[in-house]
Each structure stands twice: as structure tokens, then as C-alpha cells.
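Student: Can you walk me through this one? I'd like to go chain by chain.

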Amino acid sequence: MSNEKIQAELDQYNASVEKAVAKFPLRGNVPEKGLYTPLDIDMTPEAYADKIGFPGVYPFTRGVQPTMYRGRFWTMRMYAGFSTAKASNERYRYLIANGGTGLSCAFDLPTQIGYDSDDPISEGEVGKVGVAIDSLADMQILFDKIDLGKVSTSMTINAPASVLLCMYIAVAEKQGVSMDKLRGTIQNDILKEYAARGTYIFPPRPSMRLITNIFEFCSKNVPLWNTISISGYHIREAGSTASQEIAFTIADGIAYVDAAIKAGMDVDAFAGRLSFFWNAHNNVLEEVAKFRASRRVWAKVMKERFGAKKAKSMMLRVHTQTAGSMLTAQQPNNNIVRVALQTAAAVMGGTQSLHTNSKDEALALPTTESVTIALRTQQIVAEESGLADVIDPLAGSYYVEAMTDRIEKEAWEYIKKIDDLGGAVAAIEKGYIQKEIQDSAYKWQMDVEAKKRIIVGVNKYQVEEEPPKGLLKVDASVGIEQSKRLADLKAGKTVPDYVAVGMTEGRNNDDVKAALAELKTAAQDENENLMPHILKAVKTYATLGEICNTLRDVFGLYEAHVSL
Amino acid sequence: MDKIKVLVAKPGLDGHDRGAKVVARALRDAGFEVVYTGLRQTPEQIAAAAAEEDVDVVAMSLLSGAHPHLFPAVVKLVREKGMKDALIIGGGVIPDGDIPALKEAGVSEVFTPGTPTGDIVEYIKAHVKK
Amino acid sequence: MENIAEEVLMGNRYALAKAITAIENERENAMEIMQKLYPHTGHAYVLGITGPPGAGKSTLTDKLAKEYRRQGKTVGIIAIDPSSPFSGGAILGDRIRMNDLTLDDGVFMRSMGTRGSLGGLSHKTADAVKVMDAFGMDVIFVETVGVGQSEVDIVKAADTTMVVLIPGMGDDIQAIKAGILEIGDIFTINKADHDGADKLATELNMMLDLDGVMKEWRPPIMKTIANQNIGIAEVVETFGKHHNHIDGNGQLTVRRTERTKNEMLDLLDSRIGEHIRRNVVENGKIDKLVEEIKARRTDPYTEAAKIVSEMLK
């Protein structure tokens with residue numbers, strides 16, 4: 001059929017349904033057109049080669065590996081961590097025993113912001129949203145009886161990522177595993193902390209230096225480690241649209257690559273270890289289009305803007321988490337269905353690893369039972385649904401291809417705008433990115449309140465409910481006990497819990513002091529890579545807070561830009 | 001002539017400010033004056049700011065689970081400043097089971113996820129002491 | 001709280017907050033408070049800070065306040081943000097930049113919304129300054145967005161006014177130049193590490209040269225990077241120089257006399273206006289008069305004269 005013929009028949013179709021369609025109320029956030037046709041996409045053989053192509057081949061629209069899930073499924077990586085290192089260690093071992101294939105560590109807020117558990121500002125927060133890590137000793141407990149040579153570990157840690165990575169390296173060394181064998185990821189994405197997530201410490205300049213220090217150190221010593229997970233997840237959670245999620249994140253990615261090149265690195269030496277982190281939201285098809293568009297945009301950025309040569313440098317490898325902000329506190333069992341759909345989106349989008357949220361997370365940290373359902377959801381999608389049977393199954397869908405093009409176009413427009421503002425760092429300092437996200441978040445909320453956007457159980461189909469029972473609670477005593485152990489550690493005493501994992505002697509405070517002084521001197525010299533100094537300090541059992549305070553003295557603190 | 005003045009505060013270390021910012025804007029659009037202080041506020045800072053600004057309402061948002069410690073701490077310090085009438089409300093990821101204890105500690109109302117901003121506006125209008 | 005004024009004079013910070021609330025909301029007790037506090041005013045040095053949105057005024061004010069604190073001075077800050085013309089509400093976000101000051105007893109910071117009437121706001125700001133003055137603050141900042149005519153009225157409460165600009169504002173500087181040349185005693189280019197800072201300084205210098213060849217005080221152009229604490233001490237020093245200058249040549253007295261006179265006249269205006277509103281407008285007398293005047297049974301001149309003489313009895 002020629003395009004003219006399709007157009008003529010489409011006109012005829014539209015005329016025939018016009019009256020019937022007009023009777024239905026227009027729902028918000030639904031595309032204007034109800035039917036997509038070949039006219040909405042450019043599918044000449046040239047366009048196919050250029051925009052879509054084959055899996056494992058530039059521009060990677062159809063996926064980064066040639067075989068995708070025909071080779072093996074994505075990594076089912078469940079984000080976990082709460083209260084003490086001991087409790088989290090038990091959860092990790094449970095997940096591995098139940099078919100989880102990678103670890104993902106959640107740290108509590110004091111750890112994420114570089115404060116010790118006994119810092120006054122940590123009060124009430126210790127062990128709440130993740131595990132509390134104060135020193136290498138806690139890290140030894142966290143990975144006790146887990147072979148770091150075998151497991152791949154993702155750590156959601158940003159501002160103090162260098163310190164936690166050094167602790168991980170040190171634990172591995174104690175297990176007899178050398179750092180070139182270690183596999184895993186640190187989030188290490190400070191820009192989205194400024195823009196959306198809020199767990200920053202230092203100003204942009206020293207923060208970018210720490211990040212490039214990690215790139216450089218790992219390219220030489222920890223070659224299998226993903227040195228950054230450039231995250232759109234939290235940008236989306238903060239309220240952005242799908243296009244904004246990938247646009248702002250890729251703009252952040254551009255800033256990191258720029259910084260590393262400026263620091264003298266060759267783009268192909270580190271770009272292959274960059275990874276991304278997307279949100280899997282409720283609108284299944286839009287999400288699939290988002291994944292596809294993001295791979296295409298990044299591939300072009302790396303090839304055309306940065307002149308990368310290696311294919312690996314152009315691949316957008318992505319970890320995904322289902323959207324936490326879409327979980328409802330109302331009728332929490334419905335969340336199981338939402339997570340299943342989000343899982344479908346991530347899988348059809350071609351993710352490399354996935355965390356599925358548990359149904360009770362709008363209320364509290366997940367229980368073991370709800371975590372198991374979330375993991376089983378992935379296993380059902382993988383083994384039973386057929387969604388993982390062929391590669392990029394939605395390619396060629398008029399609607400999905402058109403939406404992929406639309407999201408790509410919107411992303412480029414944002415990237416251009418951010419370039420004009422002087423790049424992602426400048427755009428964040430001017431509050432531009434934050435403002436765009438907040439405007440989207442506000443619009444979303446107003447749409448929900450006006451019922452232009454329906455959330456089942458929240459603004460439609462509500463029922464009276466009994467308060468849910470059996471939620472996981474982190475006891476306040478966790479903070480107190482953690483602080484007690486910490487006090488003993490700092491006093492150079494032995495601590496029974498630490499002795500149990502091999503720290504048989506108290507720390508030597510002279511060594512700690514010397515290592516911190518050395519770190520301080522190194523921090524003052526911009527050309528010095530801080531990683532070896534941090535590693536040395538960590539091995540003396542200097543605490544996270546002590547190390548971060550040393551760096552705070554030199555680097556100062558970030559002052560947030562808030563625009564409302 | 002009196003306008004309702006609200007301090008929107010993020011106590012603790014939690015960086016999730018989507019809810020706080022959306023609420024701040026909704027309150028502004030409802031005609032309130034909203035003092036926003038940004039992230040990582042200690043209870044001491046919140047109480048001091050509330051007193052200096054002489055606000056009618058202190059609204060806290062927290063998603064990290066530290067509310068059993070932080071909300072009552074803010075109430076106590078705000079009252080110590082002599083602000084007997086200020087309405088103190090909270091929101092965020094707060095399990096139902098925690099709410100009675102928070103109310104006992106002097107938090108007037110707790111708004112959980114999914115609450116329309118309009119409900120918060122109405123609650124404030126109905127309960128604020130002017 | 002009873003006896004707000006007395007409590008303010010005794011150093012009660014919450015009373016100070018209450019006094020400003022009374023002024024802001026035009027409560028009945030506001031006049032009494034001001035009457036009691038007025039004798040205790042006239043000691044503070046008042047600094048006006050203004051400039052376009054995004055210039056970094058709050059951060060700059062925060063750092064300047066800390067510098068004064070370092071010198072042992074107490075500091076009051078009044079930060080004014082625009083109210084929404086649609087809802088009348090406002091987001092007052094200046095404290096975000098000043099969180100460190102919150103727990104310092106030597107600092108008192110208050111946010112105010114413009115609430116639609118800038119005319120009224122300039123009185124209220126002036127009165128809020130007086131309350132802080134009576135409380136014992138040595139230095140009081142009045143920080144406000146923009147440099148339009150209405151903001152000019154607000155910063156007239158200041159002894160020294162600083163205009164803050166940033167590089168990269170494009171044509172904006174042309175649009176605001178008339179206003180800023182009139183009010184700026186000091187110009188500060190903040191974010192001076194950004195491209196275009198030198199160009200902006202040159203432009204400003206040219207404008208000042210055209211404007212102020214014969215002036216005794218040539219407004220200096222300062223450069224700061226507020227968030228890195230660069231140039232802050234120099235600005236404070238320049239405030240001091242300007243203070244000495246206008247103190248030495250009598251300008252400070254002239255300014256303050258002028259200000260007192262204007263305040264008196266404004267107050268009279270508003271009192272008389274209020275009297276008329278109450279006794280002529282709200283009781284419907286005006287409508288009756290208008291009917292009489294329209295029928296040509298009397299004329300507006302005669303009736304206005306009558307009302308005034310009635311009022312003066």
C-alpha cells in the first residue's frame with residue numbers, strides 16, 4: 001500500500017469514528033491519537049539501519065548484547081539493607097539462596113552523607129533506610145560468608161562512594177580476593193544528588209574530582225567494576241517525565257565524560273565501565289520506548305560528540321528499578337500488579353539488571369515475604385510470560401517506534417538547552433534542572449487531584465481499609481548499639497561482633513591519625529588521586545565520618561540551589 | 001488582613017523533597033505564605049525558624065522512617081519557644097501504627113502518601129488558630 | 001502575648017517576631033507597639049540589598065551577616081519575596097541560604113511577602129526595621145528582589161544601598177539601569193568568576209561616569225563570589241566607608257531627616273485616608289454626595305472643603 005493510500009484510508013477511518021470517539025471523555029496523559037500507522041514512522045531500509053538496526057550493534061536501539069535474554073536473563077538484583085550489618089548480611093544470604101543473582105546494598109542516610117552513627121545529626125536515622133556502615137569492620141560483617149570473588153555487588157552510594165568502594169576492596173583483600181577480580185557497581189552519581197535526591201556532601205568541583213579519581217583508579221586496578229551508575233531513577237521519582245529522565249541523566253553523563261577527558265583520560269579507557277540506572281514506570285509502552293531511545297541517544301553522544309572508538313564505550317548498559325513513587329499505600333496488594341507491569345516494561349526495554357519493589361514499600365521497609373513476591377515476579381516474567389523469548393519484541397510497532405522517536409527528539413532538545421546553559425553542572429547550579437523536574441511533579445499532582453490522571457485505589461476505586469499489619473520496623477536500639485560499638489572502636493578497644501569477623505585487635509589510633517593527615521595533604525593537591533590514600537585510611541579502621549570530615553575540611557560543603 | 005503562614009520543613013537527613021515542594025506550591029496557590037527552609041534541618045533549626053517567622057503552622061515531611069524521633073523533637077522545641085498555638089503537622093512514609101504515638105506527642109495531624117494537597121489546605125484552614 | 005513592646009525591649013526574640021507579625025498584618029496593637037518602641041530606635045545601621053532574581057542576594061546577605069558577626073555586631077535581616085498576584089500566597093525561600101544563621105542568637109531573620117501592595121509594604125518594612133533596631137540589632141539588612149520603582153521605595157529605609165548584579169544578564173542591565181543608578185551607593189558583581197564579569201564592570205563604569213561626574217561619592221564596583229566567601233570582607237569594609245562618608249559630610253543626617261519627614265507625611269496620608277474611608281466611604285456618605293453633585297445641587301470643591309474642616313474640628 002502506498003503512503004497516499006494509507007493516508008486516504010486513515011482519513012476515512014478517522015471520519016467514521018469521529019462521532020463515536022467524541023462521546024468518550026478525553027483522559028489526561030493519553031496520546032491524542034488512538035491509532036498509529038506506518039505514516040507515523042520512517043521505516044525505509046536506510047532508516048532501519050540508521051535508527052534501529054540489530055542488537056549489539058550501533059546505535060544499540062534493540063539492545064546492547066547480540067543475544068540479549070536468549071543468552072541469559074537479566075541480573076535479578078534485589079536492593080536490600082537495613083538496620084545492622086548483621087541483619088543485612090542475613091537478608092543477602094537469603095536472597096542468594098533463593099535465586100537472586102547479584103547483591104544490591106542500601107545504606108542508611110548517615111552513611112550516604114558521610115556521618116558516623118554517633119554524630120548528633122544522625123539521631124533517629126541510623127539503620128532506617130539501609131544499613132549503617134561506620135568502618136571497615138561493619139563492612140566485614142556485611143559481607144561475612146559471601147564470596148566477593150563470585151558475587152557482583154551494587155552499592156547505592158554517591159558522595160562517599162570512594163570510601164565505601166575502598167572498604168569493599170579491603171574486605172575482598174581480607175577474603176583473599178584481589179581487586180582485579182571484583183565485579184559490581186557504585187552509584188557514584190553526584191549530579192543527580194544535587195538535582196533530585198539530596199544526599200550530597202561536597203561542592204561540584206571536588207565531587208567531580210573524586211569521581212574522576214575513581215574512574216582512573218578503577219581503570220587500572222579494578223577493571224571489571226562499573227565506576228558509576230548515572231541515574232535517572234531518582235530524577236523520575238522526583239517527578240520528571242520519561243523524556244526528562246533520560247535527557248537530564250544523559251546530560252549528567254556528558255558532564256562526567258567531559259570531566260574525565262579534562263583530567264587527561266582517554267575516552268575509551270573508562271567509557272565502557274559507565275552504566276546507567278532507569279526507572280520502570282507505569283506506562284508500559286512509553287517506558288519501552290524510553291529504554292530504546294536512551295540507548296540511541298547515548299550511542300550518538302559517545303560516537304559523535306566524544307569520538308569514542310570502542311563499541312563498548314557507546315553502549316548504554318542499564319540497571320532498572322520499578323518506580324517506588326508509583327506504589328500506593330492504599331490497597332497495597334495492587335502494587336504487586338503494578339510491579340509486574342513495570343517489570344514487563346523493563347524486560348521489553350532490554351534492561352541488564354532489575355530490582356523489583358515490594359508491595360509494602362509505600363508504608364515501610366519490605367518484609368521477607370513481600371521481597372520474595374517481588375523476586376518471584378521477575379522470575380515469572382522471565383520464565384513464563386514469553387516477554388523475554390525474543391529480542392526487542394516491540395520493535396516495528398508503529399506506536400512504540402513513533403514514541404521512541406518522540407522521546408529521542410525531546411531528549412536532544414533538553415541536551416541542547418543544557419549545553420547552552422553551560423552543561424549539566426551549570427544548569428544545576430542555576431536551578432534549571434530542578435525547576436523543570438518540580439514543574440512536572442506539580443503538574444502530575446494537580447492532574448491526579450483533578451482526576452485527569454487515575455491512580456487506582458487513590459483517586460478512583462477507593463475502599464475503606466484496615467491498617468496493614470506485620471510491617472517491618474527498625475528498632476531504635478539499632479542506633480544505640482551501633483554507637484556503642486563505634487565508641488569502642490574509636491577508643492581502640494576490641495569489639496566482640498568485630499572479633500567474630502576477624503578484627504581481633506583494636507584499631508591503632510596513631511595509624512588512623514597519620515592516615516587522615518596524609519589524606520588531608522593529598523586532598524589539598526588537586527592533581528593527586530585520592531583513592532590510594534582513602535584505601536590506606538580505611539584499612540586503619542578510620543571511620544567513614546572521620547574520613548569525610550577530613551575531606552569536608554578541605555572541600556567545604558555544597559550549598560543547595562532550591563527553586564520553587 | 002492576616003495571612004496564614006506555614007513553615008514547610010524537611011527534618012533529618014532525608015533528601016526526598018518532592019512531596020515537600022509540591023505541598024509548598026499547593027499552599028502558596030491556596031493563598032498561604034510558605035517559608036521553605038530546604039533539606040537537612042535539625043529540630044533546633046526548625047523551631048528557631050518557626051519562632052522567628054512567627055508561623056501559624058509547622059509542616060514537616062519525612063520519608064526516611066526517622067519520624068518517631070524527629071517529629072516529637074520538633075514539637076517539644078517549638079512549644080519551648082512559647083509557640084503554644086502553632087499547628088504542627090507531618091507527612092511522608094508514616095505507617096498507620098506510628099500515628100497514635102505522634103499525635104500523643106503533639107503532632108496535630110499526619111498525612112500519608114496519596115493525600116490530595118487540597119485536604120491539607122482544608123485541614124489547615126479548619127484548624128489554624130489566628 | 002501581652003506587652004509585646006516591653007518584651008522586645010527586654011530582648012525576647014519571640015516578642016520581636018510577634019511585633020513584626022502585628023505590623024505585617026496591620027493588627028490593632030501595631031500602633032501601640034510602635035509608639036512604645038520608637039524612642040528606642042535610631043541606633044542601627046540599615047543596609048539595603050537589591051538586584052534581579054538569581055543574583056545571589058540571599059547567599060551574599062548570609063555571608064555579609066556572618067562577617068558582621070565575626071566583628072561582634074548583631075544583625076537583623078528582613079528578606080522580601082514577591083507574593084503571587086493570583087493567589088496572594090508566596091514562597092519565602094531566603095532562609096534556605098541562611099540556615100547557618102538560624103541558631104545564632106545574634107541574628108534575627110524574618111521573611112516577608114509583598115502581598116500585592118508595595119506601597120503598604122514600604123511602611124511595614126520600615127516599621128519592621130525599627131522593631132529590630134529597638135531590639136538592639138547593630139546592623140539591619142533589607143533584602144528585596146528587583147530594582148523597579150516600588151523596590152526603590154522599600155530600600156529607601158536603608159542608609160546604604162547595594163545593588164547586586166551578575167554577569168550574563170544580557171540586555172537586562174539596559175532595562176534596569178535608570179533604576180539602579182538612582183539607588184545604588186555600592187554595586188556588587190556577584191558570581192564574578194563567571195564569564196562576562198569584566199564586561200559588566202566596564203558597562204557599569206561607563207554608566208556611572210555619564211551619570212555621576214560631579215558626585216562626591218562615586219559608587220564603587222565590587223566583585224564577589226559569595227558562595228566561596230570571596231570578596232565579602234571587602235564589601236563590609238566598603239559599607240563602612242560609605243557610612244563614614246555620609247556621616248562625615250552630613251548626608252546621613254540629611255537622609256535620615258528626609259526619611260523621618262517622609263514617614264511622617266506618609267503616616268498622615270494614610271491616617272487621613274483611613275479617616276475618610278471610615279467616615280465618608282464605608283458609611284455610604286460618599287454615594288449620597290455624588291448624587292447631590294451629579295444633580296448640580298452642590299459641587300465637589302465645596303463638599304471636599306466641608307469634609308476637611310469637619311475632620312479638623
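**Domains, sheet and interface**

Tutor: Chain C first. The domain assignment gives domain 1 (1-40), domain 2 (41-249) and domain 3 (264-312) of chain C. Keep in mind that this is a predicted model.

Student: How many Å apart are the C-alpha centres of domain 1 and domain 3 of chain C?

Tutor: Those two centres in chain C lie 33 Å apart.

Student: What's the strand order of the open sheet in chain C?

Tutor: The order is E4-E2-E5-E1-E6-E7-E8 in chain C, seven strands with parallel pairing. Strand E4 (107-113) and strand E8 (221-223) of chain C are the edges, each pairing on one side only. From one strand to the next, the twist averages 20°.

Student: Take E2 and E5 of chain C. How many bridges do they pair over?

Tutor: Six bridges, in the parallel sense, between strand E2 (residues 75-81) and strand E5 (residues 139-145) of chain C. One bridge has Ile78(C) partnered with Val142(C) in E5(C).

Student: Switching to chain A. Is strand E7 of chain A largely enclosed or exposed?

Tutor: Enclosed. Seven of the seven residues of strand E7 (residues 274-280) of chain A are buried, so the rest of the structure largely encloses E7(A).

Student: Which residues point which way from E7(A)?

Tutor: Leu274(A), Phe276(A), Trp278(A) and Ala280(A) point one way. Ser275(A), Phe277(A) and Asn279(A) point the other way. All are buried.

Student: And which strand pairs with E7(A) over four bridges?

Tutor: Strand E6 (residues 228-231) of chain A, in the parallel sense. There, Ser229(A) stands opposite Ser275(A) of E7(A).

Student: What joins E7(A) to strand E8 of chain A?

Tutor: Five bridges, and E7(A) runs parallel to strand E8 (residues 318-322) of chain A. Phe276(A) has Val318(A) in E8(A) as its bridge partner.

Student: New topic: chains A and B. How many residues are in contact?

Tutor: 30 residues of chain B are in contact with 32 residues of chain A.

Student: Which helices of chain B supply at least two residues each to that side?

Tutor: Helix H1 (18-29), helix H3 (67-80) and helix H5 (117-127) of chain B. H1(B) gives the most, with five residues.

Student: What about residue classes on the side of chain B that touches chain A?

Tutor: That side of chain B has 11 nonpolar, 13 polar and six charged residues.

Terms used: Residues are numbered from 1 along each chain as its sequence is written. Chains are lettered from A and ligands numbered from 1 in the order in which they are written. This is a predicted model: local features need pLDDT of at least 70, side-chain atom pairs count only at pLDDT 80 or more; totals for chains, interfaces and linings use all residues. Two residues are in contact if their C-beta atoms, placed from the backbone, lie within 7 Å. Ala, Val, Leu, Ile, Met, Phe, Trp, Tyr, Cys and Pro count as nonpolar, Asp, Glu, Lys and Arg as charged, and the others, Gly among them, as polar. Domain bounds come from an automatic or database domain assignment. Two strands pair if DSSP finds at least two bridges between them. Axes are lines fitted to C-alpha atoms, for helices over the stretch in contact, and angles run from 0 to 180 degrees between N-to-C directions. A residue is buried if 20 or more other C-beta atoms lie within 10 Å of its own, exposed if 12 or fewer, and partly exposed in between; C-beta atoms are placed from the backbone.
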